[in-house]
Number of protein chains: 2
Amino acid sequence: MTETSPPAVPAFDPVAEGRRLLRQSPYGALATKDRQTSHPYASLVAVAPDTDGAPLILISTLALHTLNLLADPACSLLLADIGEGDPTSHPRLSLMTTAREVEAAAAKPLYLACHPDAALYADFADFSFWRLEPLTGHLVAGFGRIVDLAPAQLLVPSA
Amino acid sequence: MTETSPPAVPAFDPVAEGRRLLRQSPYGALATKDRQTSHPYASLVAVAPDTDGAPLILISTLALHTLNLLADPACSLLLADIGEGDPTSHPRLSLMTTAREVEAAAAKPLYLACHPDAALYADFADFSFWRLEPLTGHLVAGFGRIVDLAPAQLLVPSA
């Protein structure tokens with residue numbers, strides 16, 4: 001009866017979903033703390049995966065989120081499937097991270113591979129690359145599908 | 001020469017852009033502070049405008065962001081044009097707000113008008129409606145187009 005069986009539904013794999021969101025989300029929402037008031041601040045960032053999947057961002061000291069990270073590198077990045085209908089019906093990942101500035105030499109080619117238009121300003125003096133080092137990931141994939149993921153589950157070590 | 005003149009480019013109107021994002025964004029990214037560590041936490045929410053345009057959300061005490069807001073109502077909501085190509089090429093609004101729980105009687109019909117599927121769980125005991133009271137809005141609409149907006153500019157008073 002193989003020919004008439006319905007296709008198998010893939011089992012929910014939270015590690016695979018977390019890694020997919022890290023590697024295939026070109027944009028995310030960054031949560032930082034206001035450097036003066038400590039009030040949460042949500043902003044939009046373009047992201048690209050580092051070799052192990054950790055998010056890289058390219059941000060300007062003219063932007064509030066950069067000033068906030070310079071004062072306190074604790075932040076969170078939301079990655080979700082946007083542009084595919086209702087994003088709350090798809091898995092999304094809230095990543096708790098510590099941001100740190102990294103050398104442009106390694107980050108720039110990885111970042112420009114995902115965001116080629118950023119070549120227009122990547123070398124501006126006010127812009128720098130930051131890596132968002134995962135501390136923990138909170139994956140929400142629907143009712144009963146909420147899973148915390150450790151960095152070792154989210155990142156793929158370089159060979 | 002009227003017939004051959006190029007169409008006029010509308011002037012940049014930050015108040016109109018801010019009000020548009022408040023009223024036409026069905027989803028947003030919420031930044032709260034972890035109730036135990038104070039680490040920023042970014043999460044996805046479905047939003048609907050209150051009568052004056054302030055965002056309404058419907059959240060569950062099973063979700064981390066709700067527990068965070070119960071401990072500290074200071075939060076931020078990012079509203080952006082998602083699903084229309086590169087969201088960093090469109091205006092977006094980072095709203096600094098104080099969240100407060102509101103009565104379902106007034107909020108529910110406004111919320112369900114935007115998110116009819118939420119009728120499935122809007123009456124569950126763990127869900128409640130919250131209004132995100134704007135403190136200030138930070139509109140980013142491109143290079144040189146970064147404007148702070150006051151609540152009186154963002155909200156439209158009820159008649």
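**Note on a predicted two-chain model**

1. Leaving aside neighbours within four places in sequence, Leu21(B) touches Leu79(B), Pro91(B), Arg92(B) and Leu93(B). The model under review is predicted. Leu21(B) belongs to helix H1 of chain B, residues 14-24. This residue counts as buried because 24 C-beta neighbours lie inside 10 Å, and the cut-off for that class is 20 or more. Leu21(B) and Leu154(B) stand 133 residues apart along the chain, yet their C-alpha atoms are separated by 9.6 Å.

2. The contact between the chains involves 28 residues of chain B and 28 residues of chain A. On the side of chain B that touches chain A, the elements giving two or more residues are strands E1 (27-33), E2 (40-49), E4 (74-80) and E5 (92-102) of chain B. By class, that side of chain B comprises 18 nonpolar, eight polar and two charged residues.

3. The next point is the relation between the copies. Two copies of a chain are related by a rotation about an axis and a shift along it. The same surface serves both copies, as 100% of the contact residues of chain B recur in chain A.

4. Strand E6 (residues 127-140) and strand E7 (residues 146-149) of chain B run antiparallel and are joined by four bridges. Together E6(B) and E7(B) make a hairpin with five residues between them. Val140(B) is placed opposite Ile146(B) in E7(B). In the turn, Gly142(B) has a positive phi of about 120°.

5. Most residues other than glycine have a negative phi. Ser38(A), however, has a positive phi, near 70°. Ser38(A) lies in the loop between strand E1 (27-33) and strand E2 (40-49) of chain A. With 16 C-beta neighbours inside 10 Å, Ser38(A) counts as partly exposed.

6. The corresponding description for chain B is as follows. Ser38(B) has a positive phi near 70° and is a residue other than glycine. The loop between E1 and E2 of chain B holds Ser38(B). Ser38(B) is partly exposed, since 16 other C-beta atoms lie within 10 Å.

Notes. Residues are numbered from 1 along each chain as its sequence is written. Chains are lettered from A and ligands numbered from 1 in the order in which they are written. This is a predicted model: local features need pLDDT of at least 70, side-chain atom pairs count only at pLDDT 80 or more; totals for chains, interfaces and linings use all residues. Two residues are in contact if their C-beta atoms, placed from the backbone, lie within 7 Å. Ala, Val, Leu, Ile, Met, Phe, Trp, Tyr, Cys and Pro count as nonpolar, Asp, Glu, Lys and Arg as charged, and the others, Gly among them, as polar. Two strands pair if DSSP finds at least two bridges between them. A residue is buried if 20 or more other C-beta atoms lie within 10 Å of its own, exposed if 12 or fewer, and partly exposed in between; C-beta atoms are placed from the backbone.
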